[in-house]
Amino acid sequence: MSSTKARNETEQQSVGTDMKLTVALLGNPNTGKSTLFSAIAGIPTRIGNYPGVTVEEKVGTFLHRSHTIDLIDLPGAYSLKAKSPDEQVAVDVLHGNIDGIKQPDCIVVVVDATNLSRNLYLVSQALAVGQPVLVALTLCDVAESKGIHIDRKKLSEFLGCPVLRLVAPRRDGIDQLADALIESRDWSGQAVPEALSDYLSQIAESDRPVAAADAIARYNWIDDITKDVLSFSTKHSRSLGERIDAVLTHRILGTVVFGLTMLSIFSSIFWLATPLMDLVSSGVELLAGWAESAIPEGILQSLVVNGIIAGVGGVVIFLPQIAILFLFVAVLEGCGYLARAAFLMDRLLVGVGLSGKSFIPLLSSFACAIPGIMAARTIENKRDRLLTILVAPLMSCSARLPVYLLLCSAFVPNIAVGNTWFRLPAVVLASMYLIGILVAAIVAFVLSRTIFRGPPQPFVLELPSWRWPQPAVVGERVREAAVSFLKNAGTLILAVSIVVWALGSFPKPVIQAGVDPESAEQQGEALRQSFLGQAGRFIEPVVKPLGWDWRIGCAAVASFPAREVVLGVLGVIYNLGDVDPGEEEGAGMLIRQLRSATWDGTDRKVFTLPVALSIMVFFALCAQCASTLVIIGKETASWVWPLVSFTYMTALAWIGAFCIFQLGTTLGW
Amino acid sequence: MRSLATANIGSTTKVVDISGDDNTSLRLLEMGLTPGVEVTIVGAAPLGDPVELELRGYRLSIRRNEAARVVIAT
């Protein structure tokens, strides 16, 4: 009851007075800023993108002593002389240059106590913005365990602003911080400390470029401060973190550990997620069954069951993979390993025009390109991020696997390769994965030297000290990724599913008397007459050089929403009715049907080994995944890049399929 | 003039200057690689690049072509 009473009082007090305060949370990356944000504001009330850029906007609101405080979590920044979109957003928000976001009344600079010197650089710039500044010293417990002592009182005198000690996961010092925020309303702005001004006024006398002289002047000021404020209780010895680092960034050991870690993550995305995916999948089937019985037969039922539930449901089953992947990424990022992974892989990826930070997104894309593209958010550099997003869908995702498996088992002779114990279907399957990787490397190499050409992008990567990941931050990461994915599934993917359903369902076929409209023959005929079927026949001249008949072309067009759909469509189109590729029996039947299919009006077989290979190569390289294109659009905040992805991938897929078919035919496979 | 790119792994040295005046050079300065600061080359990635540095009590990784801009004491 007392809490209700307190809330009522709060509400009464806030009536009629302006008690709203906007506070910006500024800090270097890896300072525990996210931990502090969730400790103060809990779950953010608003997550989105800043207008025009893909930098995330995160705002949380909380009540403290009858004041409503809006907390803006700024993207991590090393400097307010912006060099990345992240830093530009931080600068724009701090100066009130973004429409719809009020200039913050107060700036909280989060400072990592274990790394005071470099963190004070950003503080020195924040002090010049003019708004009241509060310094929140985080990771004080870690600093103390390392024997680092900071004289807060002296530091506060040097900076001319309050310095508060915080241990965010335990909520120590949060109330004091909130109190100080409210008091800051009465301050008359922030002045740059005199000692700093003195250093900055000497820039003109320096013979260095102004920006460099400015940075050096600030560090001179910082060195004066740290000399007085910092003390070390233990002689700097090899700490546990350093010993861990000695192993994990070791040339050989580090590579081994790295390989094992990535292998276990990669396999868990598949195996750990499988039971959960089955669960979601049976939930979707249950829903479909329920809808089928609840809605009378007809267009509405077809729309709900075949359009909405099949379309959105087919995408939602990837939710467990996304949640598990982001769990791993958040844990690895939280403890500091992600930065080491980028460090280890950088040289290899730079060779093809990417960066070490592209590794995790690309690895994730083998499970599904959607989480992979979302994981590219961890790449600050815009060019590297875009390039990674563009090539990520070339990694063979788990949705291609059923296509490969079916065609390999149906048309690739199960013989040994040479005198080895490798079987030919397995070699073909592995080649499909390799083709994707190889083409991605070539595309990245070419793009980075043509349209993405520019000055070399600096790779300045902090290797943060090892620490335990914060459960709250990890949870928030997973929640964020899941919500954002479900939102897309519920809006854009839903819309695309409905459109494809409509194209496959209209115009309605003319049903002859005495024919069962539910029969497989009739369903195949219906698809043939639909807009989708017409499109299939229309594009036949285009797919003929690939060895395909119009029905395969139609299946390829119909599988635009998702590659695995091609199996179902092939089933329908070859007069099979609905075929579930996951079931042994159905797949067996589909294989028999495909093997016996002939070109219209002849007895020439449609499916030969070169045709099967051509279909596989096409699906390895094509962009037949509406959800991926939707996510690319979302993540790049532009419709241009999904269009570019679709165009270049479809072109490559066609060329690849053409080459393999012609090669196979010439060699008489 | 010696650069950080030529320094041996495990050695500790002093920064004298950062050459160049583009954003990369500025970022190196902003990360604390200022004249007079002590740097230890902690290690290198499996293919020899990038290198791992320790300075101002923290770990930083930069590529060799960036390390080449860091002029060190001989």
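**Note on a two-chain predicted model**

1. An open sheet of seven strands has the order β10(A)-β5(B)-β4(B)-β3(B)-β2(B)-β6(B)-β1(B), with antiparallel pairing. Its edge strands, each pairing on one side only, are β10 of chain A and β1 (2–3) of chain B. Helices (H or I, at least four residues) and strands (E, at least two) are DSSP runs, numbered from the N terminus, and two strands pair if DSSP finds at least two bridges between them.

2. This is a predicted model, in which local features need pLDDT of at least 70, side-chain atom pairs count only at pLDDT 80 or more, and totals for chains, interfaces and linings use all residues. Residues are numbered from 1 along each chain as its sequence is written, while chains are lettered from A and ligands numbered from 1 in the order in which they are written.

3. Which strand of chain B pairs with β10(A), and in what sense? The partner is β5 (residues 58–62) of chain B, and the pairing is antiparallel over four bridges. Within it, L463(A) stands opposite R59(B). Further along the sheet, β2 (residues 12–18) and β3 (residues 38–44) of chain B form an antiparallel pair with three bridges; T12(B) has T40(B) as its bridge partner.

4. A residue is buried if 20 or more other C-beta atoms, placed from the backbone, lie within 10 Å of its own C-beta atom. C106(A), V108(A), V110(A) and D112(A) point one way from β5(A), whereas I107(A), V109(A) and V111(A) point the other way.

5. β5(A) has parallel partners. Five bridges link it to β1 (residues 20–27) of chain A, with A24(A) opposite I107(A). Six bridges join β5(A) to β6(A), where I107(A) stands opposite V133(A). The chain passes from β5(A) through α4(A) to β6(A) in a right-handed β-α-β crossover; right-handed means that, with the strands pointing away from the viewer, the path from the first strand over the helix to the second runs clockwise.

6. A136(A) belongs to β6 (residues 133–138) of chain A. Why is A136(A) buried? The reason is that 28 other C-beta atoms lie within 10 Å. Leaving aside residues up to four places away in sequence, A136(A) touches residues including L36(A), V108(A) and L164(A).

7. L36(A) is among the buried residues of α2(A). Eight of the nine residues of this helix (residues 33–41) are buried, so α2(A) is largely enclosed by the rest of the structure. Just after α2(A), G42(A) takes a positive phi of about 70 degrees.

Note on methods. Buried ≥ 20, exposed ≤ 12 C-beta atoms within 10 Å, placed from the backbone. Contact = placed C-beta atoms within 7 Å.
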